[in-house]
Amino acid sequence: MRKPRSSPFARFWAGEAVSAIGTQVTLVALQFVVLDLLAGSATEVGWVTSARWLPYLLFGLVVGALVDRARRRPTMIASDLVRFGVLGVLAVLGLSGTLDLPTLLVLVMVLGAAGLVNDAASMAFVPRLVPGSRLQHAHSRIDTSDAVAQVGGPALAGVLIRTLGAPVALLADAVSYLFSAAVAVSLRDVPDPSPARERARLSGDILEGLRWVYRTSGLAKVAIATHVWFVAQALLMVALVPFAVLGLELSAAQVGVALAVGGAGAVVGASVTTWVGRRLGTIGTIATCYVLSAVGALVVASAALAPAKWGAVGLVALGQALHGMAMGASNSHEMSFRQLLTPDHLQARTNTFLRSANRGVLVVMAPMAGVVADRLGFVVALAAAGVVFAVAAALLPKVRRSGSTSGRLEHD
């Protein structure tokens, strides 16, 4: 008897889970490429981080509008194959000793552009896989696998970097994108029609999406708070690994352990997010998570006071666990909040415009964060991240009442 095929969402989820592990490996490996292979500092790490998100700032509005005009599954396949090829080239150049910072920046920008296109298509594809009543749960499952990837990815990266080197670690992510493309090929049974509506000028589509996000949809206040959250995230993500490697003198394995514990926190957050949302509501859950991230950043900064190296590892791990728990619990509520309000023909634009604005914050802030870390110190940069996370929480709309379902809108 022929074995029954898994559900389309289960297959999609599997592809997302595998590529998420590879992405986590690359996030760590790229920083070690800068710090070890290219003998760079936090400033160079900031430039590489900025290059990764620059396409979101430059092309996000256009890509969102174009993806809303296209079939989403072929777009997912093509962008995954591009990412596979770029990481293969990066690995070859790194192994051959011919990689330099300008080349790395260009290739990371191409990688980011392909990621932008894939994000636009894949997130807009989710509402075609599950009904609206299951969106928050679907995103919670994706977040859980992302959180597991945050546990396994950095640990795997630490092992690969220590034994085989950072360039080889990049190949793990390349293979993961090839797998994700193969999964997307298998989703032929999911309806993926080309938009049947009359097409306006591209600029008209872009303006329609912007008006929807920031004026008519009710998303604006949460969107602005999230933009501020990304200012703090830029400070944290640029300062963290250089702080651990250069400031605390931790090894690649110790950094991997600390980051993996952060992923464990994200698993916990993603696993309890629906339960928390029923008690605090959508906005209450997001606000609580932003405050938890503020505490986590301050705990990481306190590792500078640890008397022993493994004590420092423990504090970095604890801070990462709190921040990971916050991200694991908040994201599914932000995504379902957004997608429940948004009609299908605006899904790619809404998701991509907001992601582009958020990543645009990273583009602008990452180099500045690197300069702050190098000139004022890692502890100052990490403490500043904690303060800005708290500001983001304060900017969220006020909750009218708790105890609502996570998909309901309970804000001013």
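Before anything else I noted how helices get their names: helices (H or I, at least four residues) and strands (E, at least two) are DSSP runs, numbered from the N terminus. With that in hand, I placed Leu396 in the segment after helix H12 (378–395).

I also wrote down the ground rules. This is a predicted model, where local features need pLDDT of at least 70, side-chain atom pairs count only at pLDDT 80 or more, and totals for chains, interfaces and linings use all residues. Residues are numbered from 1 along each chain as its sequence is written, and side-chain values use heavy atoms, with hydrogens and water left out.

**Entry: Leu396.** Is Leu396 buried or exposed? I had to check the cut-offs: buried means under 20% relative accessible area, exposed over 50%, and partly exposed in between (1.4 Å probe, protein chains only). Leu396 counts as buried because its relative accessibility is 8%. For its neighbours I used contact, meaning heavy atoms within 4.5 Å. Leaving out residues up to four places away in sequence, Leu396 touches Val222, Ala225, Ile283, Ile286, Ala287 and Tyr290. I also looked at Ile224: it is 172 residues from Leu396 along the chain, yet their C-alpha atoms are separated by 8.2 Å.

**Entry: Ile77 and Val92.** Ile77 sits in helix H3, and Val92 is found in helix H3 (residues 72–96) too. Ile77 counts as buried because it has 17% relative accessibility, whereas Val92 is exposed because its relative accessible area is 53%. Ile77 touches Ala181, Ala184 and Val185, with residues up to four places away in sequence not counted. The C-alpha atoms of Ile77 and Ala181 are separated by 4.7 Å, although the two are 104 residues apart along the chain.

**Entry: helix lengths.** The expected span of a helix is 1.5 Å times one less than its number of residues. Helix H1 (residues 8–37) has 30 residues and should span 44 Å, and its end C-alpha atoms are 41 Å apart, which agrees. Just after H1, Ala39 takes a positive phi of about 55°. Then I got to helix H9 (residues 252–301): it has 50 residues, but its end C-alpha atoms are only 19 Å apart, short of the 74 Å that a straight helix would reach. Where does H9 bend? I found a bend of about 110° at Gly281; the bend at a residue is the angle between axes fitted to the seven residues ending there and the seven starting there. H10 bends too, by about 30° at Ser330.

Entry: Glu249 is found in the loop between H8 and H9. Its phi is near 60°, a positive value in a residue other than glycine. Glu249 is exposed because its relative accessible area is 55%.

**Entry: H10 meets H11.** I finished with this pair and listed who touches whom. Met335, Arg338 and Gln339 in H10 meet Gln347, Thr350, Asn351 and Leu354 in H11.
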